[in-house]
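Visitor: I have a model open and want to learn how to read its contacts. Where do we start?

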There are 2 protein chains.
Amino acid sequence: MRIGEFELITTDPDTAARRGVLHTAHGEIHTPLFMPVGTRATVKGMLPSRLRELGAQTILSNTYHLFLRPGTDIIEEAGGLRSFMGWDGTVLTDSGGFQVFSLADTVKVTDDGVAFNSILDGAKHFWTPEDNVAIQEQLGADIFMQLDQCPPYPAEKETVATAVRRSAQWARRCADARKREDQLLFGIVQGGVFADLRAESIERLVEVGFPGYGIGGYSVGEPHEMMLESLEPVCGLLPSDQPRYLMGVGNPTTILRAVALGVDMFDCVLPTRTARLGTAFSSEGRLNLRNARFARDTGPLDPECACPTCATYPRSYLRHLVTTKEMLGAILLTEHNLFYLLDLTRRAREAIEEHRYADFLARWLNSPAAADY
Amino acid sequence: MRIGEFELITTDPDTAARRGVLHTAHGEIHTPLFMPVGTRATVKGMLPSRLRELGAQTILSNTYHLFLRPGTDIIEEAGGLRSFMGWDGTVLTDSGGFQVFSLADTVKVTDDGVAFNSILDGAKHFWTPEDNVAIQEQLGADIFMQLDQCPPYPAEKETVATAVRRSAQWARRCADARKREDQLLFGIVQGGVFADLRAESIERLVEVGFPGYGIGGYSVGEPHEMMLESLEPVCGLLPSDQPRYLMGVGNPTTILRAVALGVDMFDCVLPTRTARLGTAFSSEGRLNLRNARFARDTGPLDPECACPTCATYPRSYLRHLVTTKEMLGAILLTEHNLFYLLDLTRRAREAIEEHRYADFLARWLNSPAAADY
């Protein structure tokens with residue numbers, strides 16, 4: 001198989017859900033999939049071997065953070081992100097655009113590129129789309145994302161329109177600047193909640209042509225209902241034979257609903273960040289392990305879960321670890337939450353293969369777990 | 001084999017080193033051994049399954065900390081420490097005496113017992129030796145230690161003598177208070193650097209009779225040379241057919257020298273605590289991973305080490321994790337440092353079996369690693 005080829009194994013007869021395989025330089029990616037986030041080239045507290053056991057296929061890392069520290073040249077010298085972080089699976093890097101626009105104190109964007117200050121030491125940096133491609137080629141991920149401009153939500157239509165056009169120009173410049181053949185560059189759809197701008201964005205990107213498309217501009221604040229409404233026409237306009245990646249979404253219900261609309265890839269810090277705060281996903285909904293009601297509870301975290309945490313430890317131990325701020329508490333809840341989402345998407349793939357995704361989704365939406373998201 | 005039986009497989013012909021097996025309710029403990037410390041029922045950042053893979057046999061946990069939080073009744077309800085912490089190996093608990101005397105603001109000791117305040121909330125507690133046995137029976141470790149009085153170093157001989165006599169009385173009361181048959185109670189030798197007091201302490205303890213003996217009163221401040229000097233007569237006076245446990249010692253050189261004098265068991269927070277501070281044991285001596293010289297170093301942490309950390313990650317990655325305070329940095333260095341000590345003691349056992357311990361020790365003392373301890 002050629003790198004970048006996206007095989008559609010089957011599509012669901014009653015929804016727009018698809019079961020696919022994306023071929024990359026370091027193996028197959030089975031979709032739909034959830035990608036754990038390893039911001040600084042580490043999924044916090046997780047051994048790479050353990051991530052494999054939990055079912056992770058692809059780790060997402062953040063170019064912005066790695067560019068500032070340790071520096072992308074250091075990662076290149078180690079042989080790229082996979083060797084640097086000891087991960088034998090596939091890797092995706094975002095461009096860092098989202099962090100530039102959301103984290104930096106002072107951002108100045110022109111058609112040429114984006115000027116920003118480091119959150120670490122205030123140092124000034126300037127990225128053209130070409131610079132950003134060179135930086136992401138140093139990181140060497142299997143998939144990398146174009147530099148785009150992310151307007152905040154809510155934004156005036158005029159602001160969003162400018163971002164759409166500029167991002168489309170940058171998409172072409174990123175595509176032209178590429179030097180490596182073993183990496184896949186994805187374009188990113190912008191346009192916020194404006195249907196005509198989304199359509200324009202897609203038209204311009206498809207003209208350039210990419211092996212996959214990120215759907216961006218959602219994670220900056222829109223309510224999930226609005227996002228899902230505008231997602232249906234977006235999926236309708238995107239090429240059917242390339243993967244679609246809804247960036248920054250990790251809510252189980254939103255993932256499963258977006259899969260029904262034809263989305264293939266997801267990433268989010270939600271499962272890992274909430275775990276570190278002591279909250280576990282479960283078949284009963286979210287559980288806050290700090291709660292005193294778990295102090296003497298010798299039952300498993302989630303009786304319906306097959307993860308190692310649920311198989312091994314009583315709730316009273318997990319509460320003890322969380323309340324005493326022991327590292328192992330964050331580790332065990334992170335393992336559980338990641339398994340929860342990875343297993344949910346694995347079961348979604350199975351349901352699509354067996355042409356019963358509509359039923360799978362309906363059962364989820366009626367479950368006590370879904371009520372909590 | 002009977003619980004508590006200590007088989008001496010062989011003794012080294014040129015030193016007093018012994019290769020033994022202690023039989024406990026949950027399996028054999030092969031000596032000499034190093035026991036990782038899991039203060040609050042967790043070796044910080046370590047999954048129990050991973051500790052097994054690294055070669056850990058026995059985990060030490062601290063009664064003082066567990067008594068205050070979550071409470072030993074909660075651990076008993078979960079089925080004891082092993083079930084609570086999901087560890088299928090053996091467990092040893094200290095009495096908490098050491099922490100009472102070193103951590104509490106106000107300690108008042110009488111022949112009856114010890115009154116102290118909680119470091120968490122100042123609450124007043126009082127332990128008789130009998131109370132302490134009941135508490136440690138709730139924890140249910142395979143081996144537990146008598147409550148003793150630990151005088152600080154340096155201390156007047158009179159103070160040490162009082163502690164020796166009181167600890168010996170408490171040893172008898174602990175032995176008499178026991179209700180469970182599946183746990184081994186060890187007495188603790190006191191006496192500081194005073195040879196006659198050490199001898200008196202041993203005589204009194206042996207009169208009671210224990211399946212093993214802790215050697216205490218050393219970790220409160222004596223220089224290692226003084227400790228080693230006084231250790232030889234202590235080992236000479238202790239029964240040869242029971243294990244000897246030098247409490248709180250984890251320096252590799254001191255461990256190997258003490259093994260040559262006939263010590264069988266060790267524990268210390270040194271490997272785990274220094275790991276969390278960014279320092280790795282290595283064949284070149286200690287390495288501080290914060291050092292800028294590792295920023296672009298793509299070599300393994302220790303080329304002579306067979307642990308998963310050394311097999312997988314470049315030094316530049318470990319430095320990145322340590323300097324960005326990522327949990328994984330502490331985890332990977334902890335794994336490495338524990339493997340280092342567990343592997344060193346495994347090789348010590350092998351050397352004793354092959355009657356070449358004197359040579360093994362001499363090689364260690366001449367190595368670059370030893371120079372750093």
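Visitor: How many residues does the contact take from chain A and from chain B?

Guide: Bear in mind that this is a predicted model. The contact takes 28 residues from chain A and 28 residues from chain B.

Visitor: Which elements give two or more residues to the side of chain A that touches chain B?

Guide: On chain A, they are α3 (72-77), α4 (81-85), α13 (315-323) and α14 (327-353).

Visitor: How does that side of chain A divide by class?

Guide: The side of chain A that touches chain B has 14 nonpolar residues, 8 polar and 6 charged.

Visitor: Now the symmetry. What rotation and what shift superpose chain A on chain B?

Guide: The general idea comes first. A rotation about an axis and a shift along it relate two copies of a chain. Here the rotation is 180 degrees and the shift along the axis is 0.0 Å. Chain A then lies on chain B with an RMSD of 0.0 Å. That is the relation of a two-fold axis. Both copies use the same surface, as 100% of the contact residues of chain A recur in chain B.

Visitor: Let us go inside one chain. Which domains does the assignment give for chain A?

Guide: Chain A has domain 1 (31-268) and domain 2 (270-373) in the domain assignment. Taken over C-alpha atoms, the centres of domain 1 and domain 2 of chain A are 27 Å apart. Their contact takes 22 residues from domain 1 of chain A and 25 residues from domain 2 of chain A.

Visitor: Which elements each supply at least two residues of the side of domain 1 of chain A that touches domain 2 of chain A?

Guide: In chain A, β4 (33-36), α1 (48-54) and α10 (252-261) do. α10(A) gives the most to that side of domain 1, with 6 residues. By class, the side of domain 1 of chain A that touches domain 2 has 15 nonpolar residues, 5 polar and 2 charged.

Visitor: Take a helix pair. Why do α10(A) and α14(A) count as roughly parallel?

Guide: Read the angle between the axes. Those of α10(A) and α14(A) cross at roughly 20 degrees and come within 11 Å. Angles under 35 degrees count as roughly parallel, so α10(A) and α14(A) are roughly parallel to each other. The crossing of α10(A) past α14(A) is right-handed.

Visitor: Which residues make the contact?

Guide: α10(A) brings P252(A), I255(A), L256(A) and V259(A). α14(A) brings L341(A), L344(A), T345(A) and A348(A). The contact of α10(A) with α14(A) has 7 nonpolar residues, 1 polar and no charged ones.

Conventions: Residues are numbered from 1 along each chain as its sequence is written. Chains are lettered from A and ligands numbered from 1 in the order in which they are written. This is a predicted model: local features need pLDDT of at least 70, side-chain atom pairs count only at pLDDT 80 or more; totals for chains, interfaces and linings use all residues. Domain bounds come from an automatic or database domain assignment. Two residues are in contact if their C-beta atoms, placed from the backbone, lie within 7 Å. Helices (H or I, at least four residues) and strands (E, at least two) are DSSP runs, numbered from the N terminus. Ala, Val, Leu, Ile, Met, Phe, Trp, Tyr, Cys and Pro count as nonpolar, Asp, Glu, Lys and Arg as charged, and the others, Gly among them, as polar. Copies are superposed by least squares on the C-alpha atoms of residues with pLDDT of at least 70 in both. Axes are lines fitted to C-alpha atoms, for helices over the stretch in contact, and angles run from 0 to 180 degrees between N-to-C directions. Angles under 35 degrees count as roughly parallel, over 145 as roughly antiparallel, 65 to 115 as roughly perpendicular and the rest as oblique. A crossing is left-handed if the near helix is turned anticlockwise from the far one by less than a right angle, and right-handed if clockwise.
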